[in-house]
Amino acid sequence: MDKLPLGLALDLRNVVPYKTGSWRTLMPVNIMHTPPCTQECPAGNDIRGFLRTLAEKKDYEEAWHVLTRTNPMPAICGRVCPHPCEEGCNRRDFDSPLAINSAERAVGDYGLEENLEHKKLIAARKEKVAVIGSGPAGLSCAFHLAKRGFKVKIYEAYGEPGGMMRYGIPSYRLPNYILRQELENILKLGIDLECNVKVGVNIPMDQLMQTYDAVFLGIGAQKGMSVDIPGEDSKNVYTGVEFLREVNSGKYMNVGKDVVVIGGGNTAMDCARVAKRLGANVSVVYRRTRVEMPAITAEIDEAMEERVMFRYHTNPVKIISDDGKVVGILCVQMELKEPDASGRARPVPLPGSESVIPADTVILATGQSADYDGIEVQKRDGKWVATSETLMTNVDGVFAGGDVVLGLETVSAAIGQGTRAASAIEDYIDGSVESRLSRPPVIYSKDLNTYYYQKKRRFEKEALPIHMRLKHFKEIYPPLDPEAIIDEAGRCFSCGLCFNCGNCFMYCPDNAVKISPKTGLYEFDLDFCKGCGLCAKECPCHYIQMTLEK
Amino acid sequence: MTEKSRYLEGVEKKDLFAHGHRACGGCGQALAARLVHDAAGENTIACVATGCLEVFSSPYPDPSWRIPFLHSLFENSAAVASGVEAAYKALGKGPVNIIAQGGDGSTADIGFQSISGMFERGHNVLYVCYDNEAYMNTGVQRSSFTPYGARTTTTPTGNRTRKKNLPMIAADHGIPYVATATVDDFRDLQQKVKKALSIEGPKYIHILAPCPLGWGHHGELTVQVCRLAKDTGLFPIFEIVDGKLTNVRKIPVKVPVEEYLKLQGRFKHLFKRGVPAKEVAEIQEIANENIERFNL
């Protein structure tokens with residue numbers, strides 16, 4: 001027998017411990033939750049994933065790959081997305097939400113600078129898919145299909161790809177070179193692109209349906225709707241889409257001294273700000289108030305900063321023209337009455353309140369619709385394509401997504417629909433029923449133990465001063481500091497997923513939390529866990545939960 | 001990364017006080033014991049007085065101790081530890097960390113004279129008191145650490161006396177190091193143990209270790225209760241090094257004592273009539289006195 005160390009009467013160092021796990025009535029389990037940012041994101045981005053990668057590994061490249069699993073256009077979304085993710089961020093109830101949008105832009109920009117490339121998931125398949133329209137929905141659908149090995153061809157009606165991102169979003173919000181680089185990167189997956197081909201006009205839809213295994217319809221809402229007022233056929237009256245397309249195609253527009261924009265949506269804001277940059281005095285005429293404006297709040301704010309005049313409660317009655325050219329617009333004041341079907345207050349004209357606003361150019365940004373020339377699908381409300389839950393139209397094998405289905409929506413919503421349609425198309429071709437992936441439950445602030453987090457200032461991107469902005473069409477937000485973004489990513493709560501804080505490991509009175517030798521993550525030793533629930537209570541991000549013992 | 005418990009740097013986890021012990025779920029003392037011995041390291045002898053810790057950790061044949069362990073009577077763990085220290089000195093062996101430890105009963109009541117003697121003789125021993133504010137092992141009887149207003153089986157209508165302030169008594173022995181800690185801030189606790197063991201002479205660390213059974217709260221609240229004890233001012237966190245009060249933990253946001261009391265069954269009778277009893281004001285007074293005295 002070995003000699004015992006000093007102080008030991010019995011050698012009990014190598015005993016078999018008594019298994020206290022049998023006392024347990026509740027059992028801790030690790031449950032990954034959906035963070036509210038991902039829940040709110042129309043494209044379904046793994047926001048927590050890329051922020052944690054940035055914070056922990058300070059690795060922009062990996063963060064880019066995490067982000068581009070769902071969203072092939074982070075640099076674009078980081079600029080134009082109205083970021084509903086930040087509305088959802090649980091940090092909102094603690095100090096202020098994370099600057100997710102800025103982080104996305106920084107990651108996207110890094111990807112472009114370093115020429116990072118998307119990876120294909122599987123080798124080539126023989127099935128072919130046609131995508132009509134190279135807007136965000138079409139590109140996203142093509143991207144996800146190409147990653148899964150399908151042969152994809154995109155048909156684009158205009159001269160350059162990008163859809164509304166190319167022709168609708170002004171370059172002070174989204175510079176052209178960013179769009180081009182990001183699109184080229186997507187096309188590098190082996191996607192064919194044919195521009196200047198309008199499906200239904202230059203090439204019949206039937207031919208596509210015969211040649212391809214499936215067709216995705218992402219034609220967007222490219223047609224400006226006119227308001228039915230007298231004088232709208234005068235010279236220098238444009239629809240919003242038309243106006244933006246001309247400017248974005250690089251054509252110089254002589255808008256004159258006074259410009260009146262009619263409407264309160266995103267297109268109206270873009271038109272107003274573009275006209276301002278062309279040197280005009282701009283008024284936005286809207287028949288309700290700012291509260292009812294459908295435009296993104298930040299854009300209204302920026303337009304106001306740039307001295308765009310807003311005339312609320314005002315409705316155009318007649319466009320006054322002299323010799324066929326606009327000279328002014330006759331407006332009437334409105335009064336808001338009880339809400340209408342859209343839930344917004346119903347404007348009623350006030351008698352005797354007519355006035356004339358002088359105008360050299362009038363831009364009608366009062367709505368858009370899809371251009372269905374030669375494409376026959378079933379529609380709802382006669383305007384947007386009706387689809388099943390899997391985004392299939394009434395025509396077998398034809399799927400649709402983006403603005404043409406949703407009505408006027410955001411780039412990220414279109415990306416989300418493209419992603420979904422890609423999965424649906426794969427299921428359709430494989431003949432399998434779409435497996436509805438249910439998401440884990442969403443986690444809200446009340447479930448978090450915020451004691452372990454520290455308050456920290458939010459990163460705010462800084463815009464160029466207003467007098468600088470109005471001189472040119474350059475981007476109004478200069479590049480972001482990568483270090484500051486990493487700091488900002490460190491603010492992420494990591495809601496619903498372990499971030500190795502070690503609380504469970506250190507607090508367990510029974511040493512029943514171990515570091516797994518295989519994965520390096522924390523795991524429960526159920527032989528000894530007594531189910532006290534201390535780990536679940538002190539888990540900052542609610543990754544640990546107590547459930548009833550089986 | 002700025003989050004408080006982001007990295008476990010400087011924190012020890014060796015499981016020298018191992019799993020398989022018979023403590024109740026969420027036991028603060030089991031947690032405290034592990035933290036203390038992990039910080040002390042393998043070169044340690046534990047001299048443990050009778051009490052919960054000894055009872056739940058040492059049944060034959062599967063004790064939880066992975067370091068030498070010496071069980072003594074309720075009253076003499078400090079005296080036994082003194083003897084161990086003297087023996088090591090006489091044999092010319094060591095250095096070794098000797099940690100005498102006990103619950104609040106054996107520290108403040110039964111074993112008080114032996115602790116006082118150990119302090120006075122100047123043995124190089126660390127005394128750790130696991131303060132769960134009553135004799136929990138024998139069935140929740142009042143000890144001299146039981147706080148004012150708390151119900152125990154021997155004070156069914158609430159304790160009428162205030163808690164004995166042993167850290168100050170220990171400091172008045174003129175020993176080089178006295179500290180208080182709780183189990184919720186494991187980093188602070190382990191740093192204090194390490195600091196104490198680096199100092200020559202008698203040392204005293206007072207650890208608030210909630211007892212879910214005796215205090216009448218759910219096991220999962222152990223850490224939260226500790227946190228509230230600190231943030232209400234009822235349990236001040238400080239160090240006394242060579243007679244000087246230092247490293248007082250400032251309360252970030254002061255919390256009224258009701259929040260601490262309401263979590264625990266032993267104070268339930270104070271809120272029975274819908275309005276807080278007059279004892280609550282008295283307890284708040286104690287907290288305020290602590291805040292003023294230690295400048296929390």
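This is a predicted model: local features need pLDDT of at least 70, side-chain atom pairs count only at pLDDT 80 or more; totals for chains, interfaces and linings use all residues.

Student: Okay, in which sense do β4 and β6 of chain B pair, and over how many bridges?

Tutor: Strand β4 of chain B, residues 126-131, and strand β6 of chain B, residues 203-208, pair in the parallel sense, with 6 bridges. You can pick out facing residues too: Asp131(B) sits opposite Leu208(B) in β6(B).

Student: What is the order of the strands in the whole sheet?

Tutor: Read across chain B and you get β2-β1-β3-β4-β6-β5-β7-β8, an open sheet of 8 strands with mixed pairing. The edges are held by β2(B) (69-71) and β8(B) (244-246); each has a single partner strand, so one side of each has no neighbour in the sheet. From one strand to the next, the twist averages 20 degrees.

Student: And what about β3(B)? Which strands does it run parallel to?

Tutor: On one hand, β1(B) and β3(B) run parallel and are joined by 5 bridges. Find Thr44(B) and you'll see that it stands opposite Asn97(B) in β3(B). On the other hand, β3(B) and β4(B) also run parallel, joined by 5 bridges. There, Gly103(B) stands opposite Tyr130(B) in β4(B).

Student: How many residues of β3(B) are buried?

Tutor: The rule is a neighbour count: a residue is buried if 20 or more other C-beta atoms lie within 10 Å of its own. In β3(B), 7 of the 7 residues are buried, so this strand is largely enclosed by the rest of the structure. Look at which way they point: Asn97(B), Ile99(B), Gln101(B) and Gly103(B) go one way, while Ile98(B), Ala100(B) and Gly102(B) go the other, and all are buried.

Student: Which helix lies across β3(B)?

Tutor: That's α3(B), residues 77-91, which lies across β1(B), β2(B), β3(B) and β4(B). Compared with β3(B), helix α3(B) runs at about 170 degrees.

Student: Let's go over to chain A. How many helices and strands does chain A have?

Tutor: Its secondary structure comes to 19 helices and 22 strands. The C-alpha atoms of chain A fill a box of roughly 115 × 55 × 45 Å along the principal axes. Of the 550 residues of chain A, 47% count as buried. Among contacts in chain A between residues at least 6 apart in sequence, 72% join residues at least 24 apart.

Student: How do I describe two helices that pack?

Tutor: Two packed helices are described by the angle between their axes and the distance between the axes.

Student: Which residues make the contact?

Tutor: From α2(A) you have Leu51(A), Leu54(A) and Ala55(A), and from α17(A) Ile485(A), Ile486(A) and Ala489(A). By class, this contact of α2(A) with α17(A) has 6 nonpolar, no polar and no charged residues.

Student: How many residues are there between β11(A) and β12(A) in their hairpin?

Tutor: There are 2 residues between them, and Asp323(A) in the turn has a positive phi of about 60 degrees. The strands, β11(A) (314-322) and β12(A) (325-339), pair in the antiparallel sense over 8 bridges. One spot to check is Ile320(A), whose bridge partner in β12(A) is Gly328(A).

Student: Which hairpin does β12(A) form with β13(A)?

Tutor: One with 5 residues between the two strands, where Gly343(A) in the turn has a positive phi of about 85 degrees. Strand β13(A), residues 345-349, pairs with β12(A) in the antiparallel sense over 5 bridges. In β13(A), Pro349(A) is the bridge partner of Met334(A). β12(A) also pairs with β14(A), residues 355-358, in the antiparallel sense over 4 bridges.

Student: Last one: how many residues does the contact take from chain A and from chain B?

Tutor: It takes 36 residues from chain A and 35 from chain B. On the side of chain A that touches chain B, α18(A) (503-507) and α19(A) (534-538) each supply at least two residues. The residues on that side of chain A divide into 21 nonpolar, 9 polar and 6 charged.

Definitions and conventions
Residues are numbered from 1 along each chain as its sequence is written. Chains are lettered from A and ligands numbered from 1 in the order in which they are written. Two strands pair if DSSP finds at least two bridges between them. Axes are lines fitted to C-alpha atoms, for helices over the stretch in contact, and angles run from 0 to 180 degrees between N-to-C directions. Two residues are in contact if their C-beta atoms, placed from the backbone, lie within 7 Å. Ala, Val, Leu, Ile, Met, Phe, Trp, Tyr, Cys and Pro count as nonpolar, Asp, Glu, Lys and Arg as charged, and the others, Gly among them, as polar. A residue is buried if 20 or more other C-beta atoms lie within 10 Å of its own, exposed if 12 or fewer, and partly exposed in between; C-beta atoms are placed from the backbone.
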